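Subject: Structure for your review

Dear colleague,

Please find below the structure that I am handing over to you. My findings on helix packing, domains and backbone features follow it.

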Amino acid sequence: MADYDYDLFVIGAGSGGVRAARIAATHGARVAIAEEYRYGGTCVIRGCVPKKLLVYASQYSEHFEDAKGFGWHVGETSFDWKKLIASKDQEIARLEGIYRRNLKRSGVELHDTRAEIVGPHEVRLKAVNRTVSAKYILVATGGRPYLDDTVEGVEHTITSNEALHLSEFPKRIAIAGGGYIAVEFAGIFAGLGAETTLVYRGEEILRGFDDDLRSAVHNEMEKKGIRVLCGEVFTKIERQSDGTLKGHLRQGAAIEADQIMFAIGRRPNTDGLGLETAGVELGGKGEIKVDENSCTNVPSIYAIGDVTDRVNLTPVAIREGHAFADTVFGKNPRTVDHSLIPTAVFSQPEIGTVGLTEREACAAYANVDVYRSIFRPMRHTLSGRDEKMVMKILVDADTDRVLGVHVLGPDAGELSQVLGIALKMGATKADFDATMAVHPTAAEELVTMREPAEQHRRAAAE
């Protein structure tokens with residue numbers, strides 16, 4: 001057997017890479033990890049965690065308003081962007097420290113440098129210009145925001161990365177995109193007091209989510225003062241003499257803003273890693289092609305997480321990293337099931353979803369029953385806020401199995417986690433109906449919907 005410096009070298013210390021490194025080390029492997037930026041990756045450093053902290057901050061403006069309906073007299077309020085960002089940065093630094101400490105405690109060797117692959121078993125540490133060898137290499141470099149460089153002046157825009165570190169709060173912001181990142185940041189900036197416009201090329205925001213929730217969250221965003229322009233794109237960005245920006249739209253209109261943010265998708269972070277040198281096969285977006293065990297076409301090189309462009313969610317990357325380490329080093333082969341993954345969009349109001357959308361269910365199953373409830377959450381009966389909650393259950397009418405559940409409203413993300421367990425266990429509508437309601441809660445609607453709102457039936461000839 002060849003003598004290598006390490007049994008495993010991990011490139012990228014995000015959630016997936018860190019999990020793989022720690023688990024492999026606990027199985028007795030000699031493990032090293034390299035990170036060129038900060039430990040914790042997109043989710044912890046410049047994604048899910050800081051973004052949700054900003055979501056919390058942005059909700060207080062409505063909390064102050066709603067309190068009046070419950071007898072509270074709220075005095076004059078003000079918001080300090082710099083204080084929020086400083087507090088956020090302090091928490092992120094604390095979390096990064098935990099990631100580093102946990103790796104060291106597991107016996108993983110840390111390299112604060114960019115690492116590039118120079119062969120099937122070799123990695124070059126750029127900062128020290130040193131090449132090391134490993135029996136296995138794991139690429140876990142995640143993704144990066146995509147910028148459309150065909151748009152003139154796109155260099156004047158920001159992405160979600162920069163949005164988390166702005167030195168000044170923008171009084172006016174325009175956001176290009178209609179996915180969860182664009183929608184979430186629109187809610188953040190609007191809630192904190194910015195005049196906010198969302199520009200999306202498609203017919204409706206949040207492509208891939210259930211249509212009822214897409215239209216409902218669109219309507220609720222507009223109620224909150226967010227201007228949503230569908231069927232539009234930026235064609236040119238100009239920096240004006242006063243430092244502000246003017247964004248020109250395809251149909252001729254223009255938007256003036258202090259910041260223009262592009263959130264039009266992400267791309268696998270594979271540029272310059274040396275993958276081609278090692279013969280690793282890539283897809284059209286630059287994603288690393290892998291099999292069900294996360295192995296590339298080069299037997300010694302594996303990849304997990306967003307860099308593979310399978311299901312781009314932090315918990316999925318963590319699960320893939322754990323499964324890789326158990327399979328390769330723990331003598332416990334296992335794969336990751338990418339079906340029925342619960343997810344949340346921290347829009348305002350929030351989305352929680354698991355399973356098939358109505359459109360997907362009708363394409364896959366001949367007979368589908370749709371249960372739907374739209375109502376005002378109890379908290380708004382006194383606040384007076386005009387905001388609706390949506391709950392939707394999709395059922396295979398032939399087997400009674402629940403195919404998907406979709407929720408729009410307060411704490412929908414929390415609900416989706418619990419619902420994910422039920423659907424993973426194969427719950428039927430009868431199981432939902434047999435479950436006692438918790439009253440008074442919004443979630444009781446999930447077990448009290450008795451009659452389908454719609455019934456889709458495919459003709460036998462089809």
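**Helix packing around α3**

In this predicted model, helix α3 (residues 48–67) and helix α4 (residues 81–105) have axes that come within 10 Å and cross at roughly 145°. The crossing of these two helices, α3 and α4, is right-handed. On the α3 side, the residues involved are V49, P50, L53, L54 and A57, and they meet W81, L84, K88, E91, I92 and L95 of α4. By class, the contact of α3 with α4 comprises nine nonpolar and two charged residues, with no polar ones.

Helix α3 also packs against helix α6 (residues 180–191), at an angle of about 40° and with the axes 7 Å apart. Because of this angle, α3 counts as oblique to α6. The crossing of α3 and α6 is left-handed. Here K51, L54, V55, S58 and S61 of α3 are in contact with Y180, E184, F185, G187, I188 and G191 of α6. The contact of α3 with α6 contains five nonpolar, four polar and two charged residues.

**Packing of α1 and α9**

Helix α1 (residues 15–26) packs with helix α9 (residues 314–329) at an angle of about 25°, and their axes lie 7 Å apart. The two helices, α1 and α9, are therefore roughly parallel to each other. Their crossing, that of α1 and α9, is right-handed. From α1, the residues S15, G16, R19, A20, I23 and A24 take part; their partners in α9 are T314, A317, I318, G321, H322, F324, A325, D326 and F329. Sorted by class, the residues in the contact of α1 with α9 are eight nonpolar, five polar and two charged.

**Domains**

The domain assignment divides the chain into domain 1 (6–144 + 267–330), domain 2 (148–263) and domain 3 (343–456). For domain 2 and domain 3, the centres taken over C-alpha atoms are separated by 29 Å. How many residues of each are in contact across domain 2 and domain 3? The contact involves 18 residues of domain 2 and 21 residues of domain 3. The size of an interface is often expressed as the accessible area that is lost when the parts come together. Between domain 2 and domain 3, the buried area is about 1600 Å², and carbon and sulfur atoms give 60% of it.

**Backbone features in loops**

- Q348 and P349 are joined by a cis peptide bond, with omega at about 5°. P349 is located in the loop between β17 (343–345) and β18 (351–355).
- The peptide bond from H439 to P440 is likewise cis, and its omega is near -5°. P440 belongs to the loop between α13 (429–434) and β22 (454–457).
- N129 has a phi near 50°, which is a positive value in a residue other than glycine. The position of N129 is in the loop between β5 (122–125) and β6 (130–139).

With kind regards

Methods. Residues numbered from 1 in each chain as written. Predicted model: local features only at pLDDT ≥ 70, side-chain atom pairs only at ≥ 80, totals over all residues. Heavy atoms only, no water. Axes fitted to C-alpha atoms, helices over the stretch in contact; angles between N-to-C directions. Helix = DSSP H or I, 4+ residues; strand = E, 2+ residues; numbered from the N terminus. Left-handed = near helix turned anticlockwise from the far one by under 90°. Contact = heavy atoms within 4.5 Å. Nonpolar A, V, L, I, M, F, W, Y, C, P; charged D, E, K, R; others polar. Parallel < 35°, antiparallel > 145°, perpendicular 65-115°, else oblique. Domains from an automatic or database assignment. Buried area = accessible area lost by both parts, 1.4 Å probe.
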